[in-house]
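The stops below are meant to be selected in order.

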Amino acid sequence: MLNAKVTLKDLSDTGWLAREDACKSLNKNWDLVIGVLKTILNDTTQKPTTRCEAKGLLKKLNHLECALMAVFWSDILEILNKTSKKLQSVSINLITVVQLYDSIIYYVKSAWNRNRFMDYENAAKDLSGLSDYKENEKRIRRRKLLYVENRSIVKILQLKTKTPNTPNT
């Protein structure tokens, strides 16, 4: 795993191409990146700050939301990059510019379509091997009861406050 010739791309502030390359590289090498982060985390010869950074990145990558965003942005950035290259053409005319901008707007709006979202979600699940969102994994928090309360009384009170239009008698 460590002998593989894979380079993660640096996220540049300047161009779409650099961002697209970074997303593509992450998506293509997702499992390898996670494996390397685990290796760094368990390597006691690494500096504590390096191990802490690896732990934080690993924690983020182990959420379906992160994989979903990586898949989504990879797709969007690919279209933006292709359009950007066409817009930089010396011989481009105004009609083509308008058509290109309209196509970007249409593409991004269609990305929010329910069916398209399901495609992104399925790709993220395949990429990460995860099937549930962080929100669905949270444990249910229960408040600490006062010494005069018990769970059944609290449940009854919660049901009464959630019932709309209850008459006051």
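**Before selecting anything**

This is a predicted model, in which local features need pLDDT of at least 70 and side-chain atom pairs count only at pLDDT 80 or more, while totals for chains, interfaces and linings use all residues. Residues are numbered from 1 along each chain as its sequence is written, and side-chain values use heavy atoms, with hydrogens and water left out.

**Whole chain**

Colour by secondary structure. The protein has eight helices and zero strands, and its elements run α-α-α-α-α-α-α-α from the N terminus on. Helices (H or I, at least four residues) and strands (E, at least two) are DSSP runs, numbered from the N terminus.

Of the 169 residues in the protein, 25% are buried. Buried means under 20% relative accessible area, exposed over 50%, and partly exposed in between (1.4 Å probe, protein chains only). Among contacts between residues at least 6 apart in sequence, 61% join residues at least 24 apart; contact means heavy atoms within 4.5 Å.

**Helix 2 and helix 3**

Select residues 30-42 for helix 2 and residues 48-61 for helix 3. The two pack at an angle of about 145°, with their axes 8 Å apart. Axes are lines fitted to C-alpha atoms, for helices over the stretch in contact, and angles run from 0 to 180 degrees between N-to-C directions. The crossing of helix 2 with helix 3 is left-handed. A crossing is left-handed if the near helix is turned anticlockwise from the far one by less than a right angle, and right-handed if clockwise.

Show side chains for the contact: helix 2 supplies W30, V33, I34, L37, K38, I40 and L41, and helix 3 supplies T50, R51, A54, K55, L57, L58 and L61. These divide into ten nonpolar, one polar and three charged residues. Ala, Val, Leu, Ile, Met, Phe, Trp, Tyr, Cys and Pro count as nonpolar, Asp, Glu, Lys and Arg as charged, and the others, Gly among them, as polar.

Stay on L61, which is found in helix 3. L61 counts as buried because its relative accessibility is 9%. Leaving out residues up to four places away in sequence, L61 touches W30, V33, I34, L37, C66 and L130. The C-alpha atoms of L61 and L37 are 10.0 Å apart, and the two residues are 24 apart in sequence.

Now pick D31 in helix 2. Is D31 buried or exposed? D31 is exposed, with a relative accessible area of 59%. From D31 to L61, 30 residues apart along the chain, the C-alpha separation is 9.9 Å.

**The loop between helix 3 and helix 4**

Select H63, which is in this loop. H63 is buried, with a relative accessible area of 18%. Not counting residues up to four places away in sequence, H63 touches L130 and K134. S128 is 65 residues from H63 in sequence, and their C-alpha atoms are 8.0 Å apart.

**Helix 4 and helix 6**

Select residues 64-87 for helix 4 and residues 114-128 for helix 6. Their axes come within 8 Å and cross at roughly 120°. Helix 4 and helix 6 are therefore oblique to each other. Angles under 35 degrees count as roughly parallel, over 145 as roughly antiparallel, 65 to 115 as roughly perpendicular and the rest as oblique. The crossing of helix 4 and helix 6 is right-handed. Helix 4 makes the contact with L64, A67, L68, V71, F72, D75 and I76, and helix 6 with R116, F117, Y120, E121, A123, A124, K125, L127 and S128. By class, the contact of helix 4 with helix 6 has eleven nonpolar, one polar and four charged residues.

**Helix 5 and helix 6**

Y107, S110 and A111 of helix 5 meet R116, F117 and Y120 of helix 6.

Finish at E20, in helix 1 (residues 16-28). E20 counts as buried, at 4% relative accessibility. Leaving aside neighbours within four places in sequence, E20 is in contact with L77, E78 and N81. L77 is found in helix 4 and counts as buried at 6% relative accessibility.
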